[in-house]
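Hi,

Here is the structure I said I'd pass along.

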Amino acid sequence: MTKLTACRSHAQLQQHWREIADVQMTDLFAADPQRFSRFSLQECGILLDYSKNRITEPTLGLLFGLAEELDLPGWIERMFSGEHINITEDRAVLHVALRNDSERPIQVDGEDVMPGVRGVLERMEQLSAQIRNGDWKGYTGQTITDVVNIGIGGSNLGPLMVAEALRPYWQDGLRVHFVSNVDGTHLSETLRELDPARTLFIVASKTFTTQETLSNAFSARAWLLQALQDEAAVASHFIAISTNREKVEAFGIDAAHMLEFWDWVGGRYSLWSAIGFPIAVAIGMDNFRQLLAGAHCMDEHFRTAPLAQNMPVIMALLGIWYINYFGASSQAILPYDQYLRHLPDYLQQADMESNGKAVTRDGEAVDYRTGPIVWGTAGTDGQHAYYQLIHQGPHLIPCDFIAPVNSHNELGDQHYKLISNYLAQPEALMKGRSAEQARAELTRAGIGGERLELLVRHKTFPGNRPSNSLLLEQVTPASLGALIALYEHKIFVQGVIWGLNSYDQWGVELGKELANIILPELKADRTGAEHDSSTRGLIDHFLQHRRPG
């Protein structure tokens with residue numbers, strides 16, 4: 001029995017679930033005209049409406065009791081104070097320090113990290129300003145028009161998501177691109193229309209050894225040199241974000257053009273660090289600092305608010321309610337804003353790499369579900385793809401609907417149409433359509449007999465499907481920063497409840513190790529290592545059909 005399943009609150013929640021499992025949200029709304037005001041709150045420019053959840057006041061009381069029993073307040077304090085809560089790698093977890101906009105020092109091993117954080121921010125400001133105002137010149141003396149970020153995982157998804165979300169703040173005449181996939185097509189298609197003399201590359205790799213990133217970086221270097229014909233050109237067209245000065249310089253990058261970060265910055269939480277440099281290039285350092293300020297606002301709310309008024313805590317505990325008591329296995333992130341189209345992908349990594357684990361911090365096998373499958377796309381595209389499953393499928397899929405009150409692009413009445421869909425979908429998920437309602441509608445349409453009864457079954461929606469609705473005034477650097485931090489802390493809270501270390505990712509290592517064994521076999525045109533018959537057969541087929549070149 002794990003700490004979670006041994007909790008008194010856990011047993012009480014199981015009993016409460018049995019009592020409330022069949023309660024209809026429509027009945028809860030009918031019984032309480034103030035349900036919206038009771039189950040909503042605003043913080044840091046975000047309105048969270050969580051009234052369309054299968055909860056009552058006693059439900060929340062029991063969930064908060066579970067959090068207290070598992071010492072969530074203590075874990076929050078441990079993280080913010082710089083304790084090494086990443087126990088398997090013996091590291092602090094301090095992405096909150098990267099956006100600490102207060103005078104409060106943050107200690108790691110007895111040293112205040114804030115002077116170093118501020119120093120890197122100042123260096124980012126200097127370099128990004130040189131690129132944006134045209135002072136940075138390429139090898140031929142021309143200004144930079146295109147910046148290509150080369151990274152993978154957290155060194156790609158975070159900067160890509162934020163830069164695209166804040167595209168209205170981009171500087172005219174300066175484009176930022178992102179390359180991550182080791183598939184050569186990604187880099188080739190990105191470079192196809194670019195001018196080498198006016199292109200700057202950012203190579204983001206902490207160790208400067210990441211296979212995918214370095215493969216793309218060396219290919220980009222070759223592309224540049226093919227055009228400029230001088231090794232000295234590399235220094236004018238590459239910036240490194242790394243801690244490995246020796247390898248950076250061996251690549252040909254000037255150490256003065258290297259930005260550093262720290263081992264207490266996890267990859268999927270690193271967009272706030274020098275890894276966010278392409279964001280600063282795209283939107284300017286003033287806006288980047290607003291992004292940090294929005295996140296800091298949510299950090300302070302999370303750190304100081306009581307659990308019952310704490311937005312990340314509430315969202316996390318609602319997720320625990322559905323995953324561990326209702327048996328939900330996935331979570332849909334549904335942003336009704338085209339600029340936020342990469343947010344589901346970003347949160348997929350942040351959540352699934354953090355809490356996709358079956359062993360607790362103490363090394364025990366869990367006897368409960370942990371991290372959900374996170375997925376989604378921008379509305380309204382998703383409505384014409386998979387909402388059918390959410391509405392009428394056999395799966396319970398909690399949904400987060402996210403939208404801005406104001407659009408950056410007001411075309412006719414399109415934003416009203418967008419928001420009408422944003423509002424209608426969670427209402428439809430909650431209300432559903434009864435057989436009686438379907439039968440009445442079909443009868444009014446003149447349909448009767450056996451066809452009527454057949455269509456009634458097809459047009460009945462069960463309803464009672466939960467969702468959160470989040471409204472931002474507009475997608476700005478500050479509101480986006482707060483939104484991202486909200487989800488970061490939600491993930492942390494769920495990791496605490498499940499007893500996980502949310503800040504390592506050993507599960508991705510085995511595939512990398514095996515790939516390094518297979519790679520030389522493919523290049524040598526032979527199989528030498530021991531493989532299962534399937535892998536060996538696939539290797540043989542690849543080698544037999546591989547064209548020279």
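A quick definition before the rest: I call a residue buried when its relative accessible area is under 20%, and exposed when that figure is over 50%, with partly exposed in between. Also bear in mind that this is a predicted model.

Let's start with strand E7, residues 199-204. Six of its six residues are buried, so the strand is largely enclosed by the rest of the structure. Both of its faces are covered: Thr-199, Phe-201 and Val-203 are buried on one side, and Leu-200, Ile-202 and Ala-204 on the other.

What pairs with E7? Strand E5 (residues 146-150) runs parallel to E7 and is joined to it by five bridges; here Val-147 has Leu-200 as its bridge partner. Strand E8 (residues 238-241) is also parallel to E7, with four bridges between them, and Phe-201 is partnered with Phe-238.

Now the nonpolar cores. The largest has 124 residues, and the members that touch the most others are Met-124, Ile-131, Trp-264, Phe-277 and Phe-492. Leaving aside residues up to four places away in sequence, Met-124 touches Leu-259, Ser-273, Ala-274, Gly-276, Phe-277, Ala-280, Met-285 and Phe-288. Another core of 25 residues lies apart from that one, and includes Val-179, Leu-214, Leu-224 and Val-234.

Finally, the surface. Leu-510, Leu-514 and Ile-517 make up a nonpolar patch there, with about 270 Å² of accessible area together. Ile-517 sits in helix H21 (residues 509-523) and, at a relative accessible area of 40%, counts as partly exposed.

Cheers

Terms used
Residues numbered from 1 in each chain as written. Predicted model: local features only at pLDDT ≥ 70, side-chain atom pairs only at ≥ 80, totals over all residues. Heavy atoms only, no water. Buried < 20%, exposed > 50% of the residue type's maximum accessible area, 1.4 Å probe, protein only. Helix = DSSP H or I, 4+ residues; strand = E, 2+ residues; numbered from the N terminus. Pairing = 2+ DSSP bridges. Patch = residues over 30% accessible without salt bridge, like charges linked within 9 Å, V, L, I, M, F, W, Y side chains within 5 Å. Areas by Shrake-Rupley, 256 points an atom, 1.4 Å probe, with all protein chains shown as cover. Salt bridge = Lys/Arg side-chain N within 4 Å of Asp/Glu carboxyl O. Core = buried A, V, L, I, M, F, W, Y, C linked by side-chain atoms within 4.5 Å. Contact = heavy atoms within 4.5 Å.
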